[in-house]
Amino acid sequence: MDSLEEPPAKRRKPSPREIGVMRKSSVDNSATFLGSSSGVHFIRIVYDAFARRSAHLNQNQSQSQTTTLVPGEDDQLASSPLADVSAVKNELWMPHELDHRPTTTGKVKPPFDHLVQWTRSYFDHWHPMFPFILGPPFLAVLEKISLVGLNGISTPDVILVRSVVSIALMDRRQMSSRGKRPSPPPPVPPALVFRTVAQAMESLHALFCDPPTIAILQAAFGVELFLASALRLNAASRIAGVITRTAFHLGLHRCPARFPCFGPADEALRRRLFWSIYCLERYLSQALGIPLGIRDDDVDVCYPGMERHGEVVDDPRLHLITHLARFSRVRGLVIELRNKSILHSQESSITATQVTGELTHWWNQVYDDVYPGDEDTTATTKTPRLAPLHRLLLTVLRHESIISLNRPLLAAESSSPEYRTALQICIESSRSLLTALRGADVPLVWPSFTWGVWMSCLILVYAAWEGEFPIPAAAR
C-alpha cells in the first residue's frame, strides 16, 4: 500500500490481485479507500515510470498524494492540502446561467414553455439511458409549477424537477463547447436547481425519514444522477447505497410481472427504475473500485422487452436501457474478476476468457444499433433507433471494459507474454476510444467519457515511455 514511499530500488509493480489503496487523511485521521478497478494501481505504475526517468524524482515523490487521484474523487479532492476546499463546496453555476432577480422561492411560476426548454436536453440525452421517470406525469408536474409554483407540488417532485433542470443546465455547457449553439433559453431561477453539492445532499434528509415509496426513490435517484453527471462520484455513491437498500425494501429486485398486485403501468415503471438504479450503481462501483451493491444472483427482474414472466411488450424506446443493463452485468463480471478480495478471488485465464466472451457476446448484440444500416432504421422516420450520443456511448463502454479487463495484467513482469499481449490490447482500445470521442459531433455529457480519455492517455503515454508504442503516435 505504501509503495510510493519506498526508495526506487525497492519498488515493485502491484499484483493484479491487489485490491486497492487506503489513504489516511492528515487533517482528521480518517481514511479513504480506492479500489483497483478504478485504475489506481496502474496510475502508480505510470508515475513510478515517470519518476525513474525524471530528473525531478523528489518533486514527483512529494506530489504522490495527488498523483493517485482518479476522476470523480470529490472527497479526496476536498481533503487534499493542494485543493481549494471552497471551490469544492461552493456555487456550481456561473452568474449568467441563473436568473438572480429577487423573488420568493415558493412563488416562482415560470411559463410552461420555459420549463420545457430547461428540461429538453435531459430528455434528449439522459432519459433514454435512465428512463426512471415517465414523461407525461413529469410534464404534468411542470404544468402545475407554471400555475401555482413550487409550493404547490410535493417534496419528491420538487427534488426531481431540480435534479432534471440541474442536469440539463450542466449539459448546455457541453453543447456550447461542441459547436452546437442553439438559441439559449432564458436564465433559470435559482429555486429550480441545486446551487451546491451540499444542497443536493441535504435535500434528501427529509425524504428518507418517511416510509419508502416509488416517488421518494425516483427523487433520490434523480439527485444521484445529477451528482454523477457533475463527476461528484463519492457523493453519488453514498446516495446509491441508501437507494439500493430502499429498492430492496420496495421489492424492485423482483420481477413485478410475477405479482398480481401490479398493473402494466406499475410493472413498466418499477422495471425501468430498477434497471436505472442497477446501471448507475455498477458504473460507480467500477469508477471508485468499491464492491458491488447489487448482486446478480439476487435479481430476477426481466430486461425491458424480454419478459419471461408475462406478456412481452417491445418498446423501441427502451432498447438503450436494455443494452446498458446487459452491459452492466458484464461490467460486474469484470469488477468481480479483477477487484475481488484475494481470499475469494476466482481469477484464472479460463475465467478471464469467459468474461471476454460475455463482453464480445454483448457487443455482437448491440452492433447493429451502433452501426445501423438502412434496414435497421424505423419505418416511419428512417432514422436509427439510437441517437448518435447513445451509439457513441456503447462504443466507448466496450473499449472501457476491454481496458478494465486487461489493464491489471500490466502489473506483471514486462517480459511476460501476458504483459505484452495486455499492453497491445489496451493500446488498441485506447486509440479506438480516443478516436471515437474526437470525431464525435455530440455533447459529451456521460461522466465516464472523462475517465475513458484520462485512462487512455495514461496508457498511451506509458506505452511510449516503455518503448512499446511510437512517441509521435502517442503525442498525436
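This briefing describes the fold, helix packing, aromatic pairs and selected loop residues of one protein model.

The model is predicted, so local features are given only at pLDDT of at least 70 and side-chain atom pairs only at pLDDT 80 or more, while totals for chains, interfaces and linings use all residues. Residues are numbered from 1 along each chain as its sequence is written, and side-chain values use heavy atoms, with hydrogens and water left out. The protein has 17 helices and two strands; these are DSSP runs numbered from the N terminus, with helices being H or I of at least four residues and strands being E of at least two.

**Overall composition**

- Of the 476 residues in the protein, 51% are buried; buried means under 20% relative accessible area, exposed means over 50%, and partly exposed lies in between, for a 1.4 Å probe and protein chains only.
- The protein exposes about 22,000 Å², and carbon and sulfur atoms supply 55% of this area; the areas come from the Shrake-Rupley method with a 1.4 Å probe, and for residues only the protein chains shown count as cover.
- Among contacts between residues at least 6 apart in sequence, 73% join residues at least 24 apart; a contact means heavy atoms within 4.5 Å.

**Helix packing: α5 with α6**

- Two packed helices are described by the angle between their axes and the distance between the axes.
- The axes of helix α5 (residues 112-125) and helix α6 (residues 135-148) come within 9 Å and cross at roughly 145°; axes are lines fitted to C-alpha atoms, for helices over the stretch in contact, and angles run from 0 to 180 degrees between N-to-C directions.
- The crossing of α5 and α6 is right-handed; a crossing is left-handed if the near helix is turned anticlockwise from the far one by less than a right angle, and right-handed if clockwise.
- On the α5 side the contact is made by F112, L115, V116, T119 and F123, and on the α6 side by F138, L139, L142, E143, I145 and S146.
- By class, the contact of α5 with α6 has eight nonpolar, two polar and one charged residues; Ala, Val, Leu, Ile, Met, Phe, Trp, Tyr, Cys and Pro count as nonpolar, Asp, Glu, Lys and Arg as charged, and the others, Gly among them, as polar.
- P111 lies in the loop between α4 (85-89) and α5, and with 41% relative accessibility P111 counts as partly exposed.
- P111 and I145 are 34 residues apart in sequence, and their C-alpha atoms are 8.6 Å apart in space.

**Helix packing: α11 with α12**

- The axes of α11 (264-288) and helix α12 (residues 319-339) come within 9 Å and cross at roughly 35°.
- This crossing of α11 and α12 is left-handed.
- Residues W275, S276, Y278, C279, R282, Y283, S285 and Q286 of α11 meet I321, L324, A325, S328, R329, R331, G332 and I335 of α12.
- The contact of α11 with α12 has, by class, eight nonpolar, five polar and three charged residues.

**Aromatic pairs**

- The structure holds 18 aromatic pairs; rings of Phe, Tyr and Trp (its six-membered ring) pair if their centres lie within 6.5 Å, and planes under 30 degrees apart count as stacked, over 60 as edge-to-face and the rest as tilted.
- F42 and Y462 form an edge-to-face pair, at 5.4 Å centre to centre and 80° between the planes.
- This pair links distant parts of the chain, with F42 in helix α1 (residues 40-53) and Y462 in helix α16 (residues 448-465), 420 residues apart.
- Both F42 and Y462 are buried.
- The pair of F274 and W275 is edge-to-face because the ring centres are 5.0 Å apart and the planes lie at 70°; both F274 and W275 are buried.
- One aromatic cluster is formed by W126, F130, F132, F221, Y283 and W446.

**Selected loop residues**

- L231 lies in the loop between α9 (214-229) and α10 (233-249), and counts as partly exposed at 23% relative accessibility.
- Most residues other than glycine have a negative phi.
- L231 has a positive phi of about 60° although it is not a glycine.
- H253 lies in the loop between α10 and α11 and, at 15% relative accessibility, counts as buried.
- Not counting residues up to four places away in sequence, H253 touches A247, F248, F274, D298, V299, D300 and V301.
- G289, in the loop between α11 and α12, is buried with a relative accessible area of 1%.
- The C-alpha atoms of G289 and G20 are separated by 7.4 Å, although these residues are 269 residues apart along the chain.
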